[in-house]
Amino acid sequence: MTEPATSAAWRTTLWDYATKVYAYKEVERALLNLQDNYYANVNILLWLCWLEEEAIVLERSLLDDVLITVDTVNQATVIKLRESRRFIKSAGSFTDVQIKLITKQLLNAELMIEKILIHRLQDITRKNLGGVRGAEPLTVTYYLDFLGIPDARAIARSVRSVCRSAQSQGVHSQIYQRSHPAPPKTPN
């Protein structure tokens with residue numbers, strides 16, 4: 001799945017934004033905390049922060065589509081792969097070398113699916129640009145409130161803040177870049 005580096009609608013692709021921001025330890029810690037404690041979807045959180053960073057406003061009603069097309073797939077695939085990786089490590093049925101080999105392959109599959117889901121979110125964004133004016137915007141706060149997270153507004157502020165800090169830091173995720181190298185540039 002190849003995509004142009006930029007679009008007329010945004011400066012940075014969602015994939016580039018997500019890998020850069022998620023490499024920042026504070027972002028990873030904050031988002032994994034929301035995932036582990038409230039079942040928040042990390043890719044959706046990164047997407048919502050990216051929407052704000054790019055000043056893209058989408059309607060709240062779009063969340064239903066996102067939950068069906070992204071979160072449901074995430075739960076059926078990525079979460080199962082993550083659980084399998086944890087099980088393999090504790091099963092006692094494999095040697096250490098076999099465990100490393102199997103978990104590496106499972107992690108690669110997990111990362112590939114996450115990349116596809118990130119691209120799916122960007123496609124949803126592209127298809128829904130220029131929606132109805134005056135509608136309530138889809139935000140991190142709305143998503144966290146939808147999940148029933150106590151103090152969603154304060155947590156959303158914190159998530160947006162660490163994402164903004166990471167965006168300005170220029171950190172890049174080594175694991176994503178090793179797993180998903182950029183396609184070679186073609187001469188003009």
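Helix α3 is mostly covered: 10 of its 12 residues are buried, that is, under 20% relative accessible area with a 1.4 Å probe and protein chains only. Helices here are DSSP runs of H or I with at least four residues, numbered from the N terminus. The model is predicted, so local features need pLDDT of at least 70 and side-chain atom pairs pLDDT 80 or more, while totals for chains, interfaces and linings use all residues. Residues are numbered from 1 along each chain as its sequence is written, and side-chain values use heavy atoms, without hydrogens and water.

Helix α3 spans residues 42–53. From first C-alpha to last, α3 reaches 16 Å, close to the 16 Å expected at 1.5 Å a residue; the expected span is 1.5 Å times one less than the number of residues. At the N-terminal end, Asn 41 caps α3, with a side-chain oxygen 2.8 Å from the backbone nitrogen of Asn 43. Just after the helix, Ala 55 takes a positive phi of about 60°.

The buried residues of α3 include Asn 43, Trp 47 and Trp 50. The buried set packs against α1, α2, α4, α6, α7 and α8. Contact means heavy atoms within 4.5 Å. Beyond its neighbours within four places in sequence, Trp 47 is in contact with residues including Leu 14, Leu 62, Leu 121 and Leu 138.

The largest nonpolar core has 44 residues. Such a core is a set of buried Ala, Val, Leu, Ile, Met, Phe, Trp, Tyr and Cys residues joined through side-chain atoms within 4.5 Å. Its largest share, nine residues, comes from α3. Trp 47 is among the residues with the most contacts inside this core.

Methods. Helices (H or I, at least four residues) and strands (E, at least two) are DSSP runs, numbered from the N terminus. Buried means under 20% relative accessible area, exposed over 50%, partly exposed in between (1.4 Å probe, protein chains only). A polar contact is a pair of N or O atoms within 3.5 Å; within protein, one must be able to donate a hydrogen and the other to accept it, and residues adjacent in sequence count only if both atoms are side-chain atoms.
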